[in-house]
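Please find below a colleague's note on the model under review. The points follow after the structure.

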Protein chains: 4
Amino acid sequence: MSGDGVEDATVKILSKPKLREPILIEGLPGMGYVGKLAAEHLVEELRAKKFVELYSPYFPHHVAIEPDGTLRLLKNDFYHASSNGKDLIIVVGDVQAVSPEGHHKVVDKILDVAEQFGVKQIFTLGGFATGRYSRAKPKVVGVVSQPELIERYKGHGFTVEKGGGPIIGASGLLIGMGKLRGMEGVCLLGETHGMVVDHNSAKAVLEVLVGILGIKVDMTNLEQRAKETERIIERIRKEMELRERKERKPTEEEASYIG
Amino acid sequence: MSGDGVEDATVKILSKPKLREPILIEGLPGMGYVGKLAAEHLVEELRAKKFVELYSPYFPHHVAIEPDGTLRLLKNDFYHASSNGKDLIIVVGDVQAVSPEGHHKVVDKILDVAEQFGVKQIFTLGGFATGRYSRAKPKVVGVVSQPELIERYKGHGFTVEKGGGPIIGASGLLIGMGKLRGMEGVCLLGETHGMVVDHNSAKAVLEVLVGILGIKVDMTNLEQRAKETERIIERIRKEMELRERKERKPTEEEASYIG
Amino acid sequence: MSGDGVEDATVKILSKPKLREPILIEGLPGMGYVGKLAAEHLVEELRAKKFVELYSPYFPHHVAIEPDGTLRLLKNDFYHASSNGKDLIIVVGDVQAVSPEGHHKVVDKILDVAEQFGVKQIFTLGGFATGRYSRAKPKVVGVVSQPELIERYKGHGFTVEKGGGPIIGASGLLIGMGKLRGMEGVCLLGETHGMVVDHNSAKAVLEVLVGILGIKVDMTNLEQRAKETERIIERIRKEMELRERKERKPTEEEASYIG
Amino acid sequence: MSGDGVEDATVKILSKPKLREPILIEGLPGMGYVGKLAAEHLVEELRAKKFVELYSPYFPHHVAIEPDGTLRLLKNDFYHASSNGKDLIIVVGDVQAVSPEGHHKVVDKILDVAEQFGVKQIFTLGGFATGRYSRAKPKVVGVVSQPELIERYKGHGFTVEKGGGPIIGASGLLIGMGKLRGMEGVCLLGETHGMVVDHNSAKAVLEVLVGILGIKVDMTNLEQRAKETERIIERIRKEMELRERKERKPTEEEASYIG
């Protein structure tokens, strides 16, 4: 966001860790907050370190307020961690872009960063909505960039969806646009109602991922994290509603209070 | 979609067939899926070969899932075929652009590719909605870039609409923007209800086209293809509805199932 | 619209007439079609000649069908004429841009052309909606770029609106953005209901304009022209409605007619 | 807005005052018009001088009509003033940008100007909606770019909101994007209903600001200014409604009046 105008996205590189063919893992806000919950849990449990921040004019024109009373732009963050001899880059964040064009441009920038650090493999995490509540263990659907990946990863507890419906947003675009750059990709989607923050689905998705990667992650705090997320979302929703209601005209009596 | 940012559209050229003044035929999704059905049927029956893929940030931010469980970006595909000594380029695809600006930019890119391969003539295929169901053979309306084309092609079973309403999307823009590049164009629109995938209308449009081109195409599988298309659209529509419903708040009882 | 991408607008110059400080007159579609009617009447009566066509990706993604059955892109046209020793450039057209950004960009291009031909003075024509029908002679409001223009042109039958509401679209932006280029401008707005093509209002606006310019224009055909415009708009509206209705699901019985 | 196309924003510099590390104060239209009222009052009382105008294609495609009957583009204005040995730049204006992308680009341009004149510190003024009317003195919430600013400015009568909801528009983005340029920022938001022009909230916000800056500002005219603003907004709202109603079809009887 220099004086020469705002680019599609601004990438702020905080450090340049040396990573050997790191695996990109994405979990941005989406259906049931499944991907975001899963990826943030991974950041926490693996004590991953933030090394890149990405800002974009295609994000909403809001800013976030932190628990310490400071304000910051909405962003996507890149963390790196190592586990079981594998280098990981984990992308989490506040938001996805607003418009179709913005989605494409931000995902393209994420892939630029990924390529710069040597990424050849991508796992994206998300949810798929069923509109139903169920006490059963959530199903995890895997969608891949190349058919041979189904064979390679089968037996890790995900179902292959043949000819399923569209995947909306970064989880799909990262795999699709990454494929054009020669990257392999797997999109793991946990079954979820769609309307609530769903830690059960996030857990199911994470279990498949850690199985594939051969790493270990404690799931204990996941439920607690989901509850906090739900609380934050609920508060923001209420405040947004207030802003939208402002168009209603005050009654005579109400208006008399102004002044 | 290189590291230098996302352009208006990314053209991936798979091969460079030598074509002699090929004729461009377009059938992208639109009213009654008439154009898409007709053009895809042509690709199939003429055993056309794909040689160009076109991606754009102006397409929706979805990805498609293939029957083999792999995922890919939405795109427009260029096929080439020869029939009756004529070289044809057939453009089919998943989608059209989302915004007015995107429509113009994608069509401009399609014309860039067309020009590069020597196209001087364009036929675009689509439907026009009547809002009525009828058992009669659907009427086909022809709209042209230059008045002399009416004379040249008359007697091939299409009606000329003098001063008709606007044509929306690629079928119209390709002819209009192609005309600015000195290309001739004919837009063939089959009468259709507008709400269902209409193989009868597609057949009527194709019959006019093959008459003009002097080629032969078996129409037998067209109805079967329409039914498959209807099924796919119906499934995607249902899944999209689920996603949209996610805003509704769960009841207390429902919410208790989460956790 | 070359192979290098679609610019904000494409200007096709058909001829380069030598004009001495020509006066720009604009009448694009808007409230009550007042400006369009007035400017088109002027083109006709002064036998003005088209010399520039302007296309833009910010226009709607439709094409228009001409009375001879040919199709063309939506556009804005520049005509030139001479009357009473004055050179005039008259801008008419099918549409205005769709988005706020598009409006600014297209108006900027119109001003580029105007500047290239030496324009220093602009008159824009339009309507302002009252929501009322009246048999009285429509009032004409004049809004100017510099206060001295009120003094200069007073006595020509327009009212000055001090602190009135916003003027939307090209008629206002042309004056506002032209002022930044050092051009003088007057916006003449005829009182109109807002919902019908209003030749009475167009006539009132034209009478003020021809008074200021000291030219003579026969008003006889204006009513006939308004009726034709109304007919065209009505037909297009009906066809657009049909397209929008296509989302409704067919009944079982209706659907059985397909196939 | 030169002939080379419309940039993200056009900055017209009227004069280049020498300012020593001036403090930027922003008050653009928003919730309850709190920020706009407060900043305009400051301009008036400090007899600040306009030195920069900023235009953008991302602003609405309207123009404003001045009390003297002239028309002008919507814009943001920069004023400078000195008080208590401090140089101030005050940004006020008609509007904010329309789209998320536009918001980012216009704020970026404002920061370009600020940087050019040596700004290191920003105060943005606005309101936060409660949806309630209250006769109590409005609370002022302060949100900051760096945690140490809370300590530095505490005791000036604002509350720190820890983890509050998002701040929409320029007041938040200026602090957030300014922080990326190394600037310090404080956003002061006055409690307001959200639906009416609220001079009480503006006064509360101003009192905090003048306390921090150590300057003196007479608040007497603030209520009068709020009433004028309310009147202008109300008139514009009514005129906009008229424009939107124009889609309704006239009755037979009404239509007969045309002609």
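**Note on a buried loop serine and the aromatic pairs**

1. At 2% relative accessibility, D:S56 counts as buried, a term that means under 20% relative accessible area, with exposed over 50% and partly exposed in between (1.4 Å probe, protein chains only). The model is predicted: local features need pLDDT of at least 70, side-chain atom pairs count only at pLDDT 80 or more, and totals for chains, interfaces and linings use all residues. Residues are numbered from 1 along each chain as its sequence is written, chains are lettered from A and ligands numbered from 1 in the order in which they are written, and side-chain values use heavy atoms, without hydrogens and water.

2. D:S56 sits in the loop that runs between β3 (49–55) and β4 (62–65) of chain D; strands are DSSP runs (E, at least two residues), numbered from the N terminus. From there, the side chain of D:S56 reaches the backbone nitrogen of D:Y58 at 3.0 Å.

3. Over all chains, the structure holds 12 aromatic pairs (Phe, Tyr or Trp rings, the six-membered one for Trp, with centres within 6.5 Å; planes under 30 degrees apart are stacked, over 60 edge-to-face, the rest tilted). The pair of C:F51 and C:F78 is edge-to-face, because the ring centres are 6.5 Å apart and the planes stand at 85°. C:F51 belongs to strand β3 (residues 49–55) and C:F78 to strand β6 (residues 76–83) of chain C, 27 residues apart. Both C:F51 and C:F78 are buried.

4. In chain D, D:F51 and D:F78 form an edge-to-face pair, at 6.5 Å centre to centre and 85° between the planes. D:F51 lies in strand β3 and D:F78 in strand β6 (residues 76–83) of chain D, so this pair ties together parts 27 residues apart in sequence. D:F51 counts as buried at 0% relative accessibility, and D:F78 counts as buried at 0%.

Technical notes
Helix = DSSP H or I, 4+ residues; strand = E, 2+ residues; numbered from the N terminus. Polar contact = N/O pair within 3.5 Å; in protein donor to acceptor, adjacent residues only side chain to side chain.
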